[in-house]
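This briefing is meant to be read beside the sequence and the three-dimensional structure.

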Amino acid sequence: MRLLLPCLFALAAGACASEPPPPDSEGPAQTSGRAADAPGLPGHAPERFGFGTDASPERVARWDIDIKPDGEGLPPGSGSVADGRRVYEVSCLQCHGLTGTEGPNDRLVSAGKWEQWPPGRAFGMYWPYATTLFDYTRRAMPQTTPGTLSDDDVYAVVAYVLHLNGLVEADAVLDASSLAAIEMPARARFVPDDRTGGPVVR
Ligand code: HEC
């Protein structure tokens, strides 16, 4: 019984009909791309598992949207603070408040200084790179409908949130190069962590 029970469970998963052959028991000559050639899979694994499709360059491009701190990856387009206010009032205000401080969700505008935790460490006084606001907003916001804003709308709402934080003027228009050129106040507060582990880590 002690042996039978695990076998019954395995049978339900279709894996216990007979002793599986050990890895590579079918010999070394196998066609390339065969699932069984993948590391960790047994030799009797099938040619293909029959799900998924090849990742076309177009499909990969839709996932490949990360933006580096220096702005690499920012798309073409631009947006003004004035347009951003309209985007904000339609798509962000209900969760982040009229001035970015009232909630009910996270503050987008820092109060006072970095030292005032937590309100000082909202986006404006805390995030080291303005480009991250573009990446985050485009991939994650509005929280219930992410991905619905155009690139121009994202530039605009990013400009507006920067303006609410006092970091760009009311007439600012941002694009890839002007957004990447913004020096955030907290930039110098982040230092590389060069600790190596063990007793040196405090
Ligand atoms: C339905 C509610 C909702 C809407 C609408 C919404 N957000 Fe958010 N937002 C959230 C929540 C909840 C979080 C916290 C998410 C988390 O911590 O994982 C958040 C977090 C953020 C953050 C990160 C704050 C931080 O310091 O960590 C930013 C920036 C942001 N939102 C910008 C926006 C912008 C810009 C819009 C409009 C385009 C928007 N959000 C619309 C709910 C919303």
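What pLDDT does the protein average, and what share of the residues score at least 70? The model is a predicted one, and the protein averages a pLDDT of 84, with 81% of the residues scoring at least 70. Its secondary structure consists of 8 helices and 2 strands, and 23% of the 202 residues count as buried.

**Confidence along the chain**

- Over residues 1-21 the pLDDT stays under 50, and for this stretch the model has 8 contacts beyond four places in sequence.
- Residues 23-31 likewise have a pLDDT that stays under 50, and here the model has 7 contacts beyond four places in sequence.

**Overall layout**

- Read from the N terminus on, the elements follow the order α-α-β-α-α-α-α-α-β-α.
- When contacts between residues at least 6 apart in sequence are taken together, 54% of them join residues at least 24 apart.

**Helix α3 and its buried side**

- In helix α3, which spans residues 81-91, the buried residues are V81, G84, V87, Y88 and S91.
- These residues lie on the same side of α3, because the arc they cover around the axis is only 110°.
- The elements that cover the buried residues of α3 include β1 (78-80), α4 and α7.

**Helix α6 and its buried side**

- Helix α6 runs over residues 131-140, and its buried residues are T131, L133, F134, T137 and R138.
- Their arc around the axis is only 160°, which means that they sit on the same side of α6.
- The packing partners of the buried residues of α6 are α5 (123-126), α7 (151-164) and α8 (176-180).
- Leaving out residues up to four places away in sequence, D135 touches D66 and I67.
- The C-alpha atoms of D135 and V158 are separated by 9.9 Å, although the two residues are 23 residues apart along the chain.

**The largest nonpolar core**

- In soluble globular proteins, nonpolar side chains tend to be buried together.
- The largest nonpolar core in this model holds 31 residues, of which V157, V158, A159, Y160 and V161 touch the most other members.
- Two or more residues of this core come from each of α3, α6, α7 and α8, and the largest share, 10 residues, is that of α7.
- What does A159 contact once its neighbours within four places in sequence are left aside? A159 is then in contact with G79, S80, V81, G84, V168, A172 and L174.

**Around the ligand**

- There are 19 residues around the ligand, and those that come nearest are C92, C95, M141, P142 and Q143.
- The elements that contribute two or more residues to this shell are α4, α6 and α7.
- By residue class, the shell around the ligand divides into 11 nonpolar, 7 polar and 1 charged.

**Cis peptide bonds**

- The bond that joins M141 and P142 is a cis peptide bond, with omega about -5°, and P142 has its place in the loop between α6 and α7.
- P142 is also one of the residues that come nearest to the ligand, as is M141.
- The peptide bond from W117 to P118 is cis as well, with omega near 5°, and P118 lies in the loop between α4 and α5.

- Q94 belongs to helix α4, which covers residues 93-96, and Q94 is partly exposed because 13 other C-beta atoms lie within 10 Å.
- Between the C-alpha atoms of Q94 and P104, which are 10 residues apart along the chain, the separation is 8.0 Å.
- The C-alpha atoms of D106 and F123, 17 residues apart along the chain, are separated by 9.6 Å.

How values were computed. Residues are numbered from 1 along each chain as its sequence is written. This is a predicted model: local features need pLDDT of at least 70, side-chain atom pairs count only at pLDDT 80 or more; totals for chains, interfaces and linings use all residues. A residue is buried if 20 or more other C-beta atoms lie within 10 Å of its own, exposed if 12 or fewer, and partly exposed in between; C-beta atoms are placed from the backbone. Helices (H or I, at least four residues) and strands (E, at least two) are DSSP runs, numbered from the N terminus. The arc is that of the directions from the helix axis to the C-beta atoms. Two residues are in contact if their C-beta atoms, placed from the backbone, lie within 7 Å. A residue is near a molecule or strand if its C-beta atom, placed from the backbone, lies within 6 Å of it. Ala, Val, Leu, Ile, Met, Phe, Trp, Tyr, Cys and Pro count as nonpolar, Asp, Glu, Lys and Arg as charged, and the others, Gly among them, as polar. A nonpolar core is a set of buried Ala, Val, Leu, Ile, Met, Phe, Trp, Tyr and Cys residues joined through C-beta atoms within 7 Å. pLDDT is the predictor's confidence in each residue, from 0 to 100.
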